[in-house]
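Thanks for coming. I'll take a few minutes to go through one model, starting with a helix pair and ending with a pocket.

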Amino acid sequence: MSESGRIPAALIRELRSARHVCVLTGAGISAESGVPTFRDAQSGLWEKYDPLDLATPEAFRQDPALIWRWYRWRRELVAAAIPNAGHVALARLASFVPRLTLVTQNVDGLHQRAGSADVIEFHGNLFDDRCAADGCVVDCDSVAEVPVCPGCGSNVRPGVVWFGESIPETALHHSFAAAAECDVFLSIGTSSLVFPAAGLAEIANESGATVAEINPNTTGMAAGFDYAIAGKSGTVLPELVARLEARD
Ligand code: BV8
């Protein structure tokens, strides 16, 4: 464990000698960009809704118009958001390690906008539209209350993974393989409550990797990690990259 925000020198040394670093990010890394996390209370008219109730196929079946209003609200909020220093530092980290696998639970696309390449979107992307019937990607920028698929006329849904839905096979396979093979695993800005994403840190731990968490609120899962850095990703990650760059 480490006191608030301080990065242990031993972790810097492990990162310097790592062949492969795997990173899992959660909503917390986008918090400093003004994107509310799932655990934060939602604002405005969404205050009375729990995202865990809205992000489900059942909710969409029951009231597709309501679910579309929620996703359009999130799309506008995310489109106006700017990648923060934590996103930018992770994009820079790729140039300091031989191999970096970045897996994100977030659907906001902010890692890509910060310059990260090959981002594994474990839960899809907020801005993708898919046919609810066959899952194919559709291009419908219609402003209909509930867009319909130009191919089959079914409702169109956001291209995200809802609770009770399976993770896209390719994302699952590559993420599990990276967690099992990496030398260092960084769990950043996640409550580690949503599975199977939260299981990646356990796979890394069991495979002998050095596992570190970066979160102002240390999670229960961190008790089994090598390091728990109690700090904001927008502060800790730029310092971590600066220390790697300084080769101090
Ligand atoms: C599935 C897209 C098979 C939608 C999301 C065990 C195994 C398998 C499944 C399960 C299991 N146990 C339970 C399940 C079911 C379920 C699940 O995990 N439920 C939970 C609630 C218990 N999992 C699933 O359904 C998954 N599917 O397993 O398929 C299957 C098939 C059929 C039936 C059963 C199983 C699919 C889950 C994907 C759901 N979709 N997102 C959308 O966004 O609209 S999940 C969504 O919530 C996010 O993507 C994210 O992943 C999750 C929230 O987690 P976090 O990212 O961690 O965010 P959170 O708000 O919780 O925490 C933020 C953290 O940041 C906090 O710790 C905070 O302290 C920290 N923080 C704040 N500020 C900062 C910070 N950190 C750093 N810096 C800061 N500045």
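Start with α8 and α9. On the α8 side, the residues that touch are Ser175, Phe176, Ala179 and Ala180, and on the α9 side they are Leu200, Ile203 and Ala204. Keep in mind throughout that this is a predicted model. By class, six of the residues in that contact are nonpolar and one is polar, with no charged residues. Helix α8 covers residues 169-181 and α9 covers 199-206; their axes come within 7 Å and cross at roughly 35°. The hand of the crossing is right-handed.

Now the other helix pair, α1 with α10. Here α1 is residues 9-17 and α10 is residues 233-246. The axes come within 10 Å, and the crossing angle is roughly 65°. This crossing, of α1 and α10, is right-handed. Which residues make the contact? From α1 we have Ala9, Ile12, Leu15 and Arg16, and from α10 we have Leu240, Arg243 and Leu244. The class count for α1 with α10 is five nonpolar, no polar and two charged residues.

Last item, the second largest pocket. Its volume is about 330 Å³. The elements giving two or more residues to the lining are α4 (57-62), β4 (124-131) and β5 (156-160). Which of the elements supplies the largest share? That is β4, with five residues. In total, 21 residues line this pocket, and the ones nearest its centre are Arg130, Arg157, Gly159, Val160 and Glu165. Sorted by class, the lining has nine nonpolar, five polar and seven charged residues.

Key:
Residues numbered from 1 in each chain as written. Predicted model: local features only at pLDDT ≥ 70, side-chain atom pairs only at ≥ 80, totals over all residues. Heavy atoms only, no water. 1 Å grid on protein atoms, 1.4 Å probe; cavity = no way out; pocket = protein on both sides within 12 Å on 5 of 7 lines; lining within 4 Å. Points joined across faces, edges and corners; volume = space filled by probe spheres on them. Helix = DSSP H or I, 4+ residues; strand = E, 2+ residues; numbered from the N terminus. Nonpolar A, V, L, I, M, F, W, Y, C, P; charged D, E, K, R; others polar. Axes fitted to C-alpha atoms, helices over the stretch in contact; angles between N-to-C directions. Left-handed = near helix turned anticlockwise from the far one by under 90°. Contact = heavy atoms within 4.5 Å.
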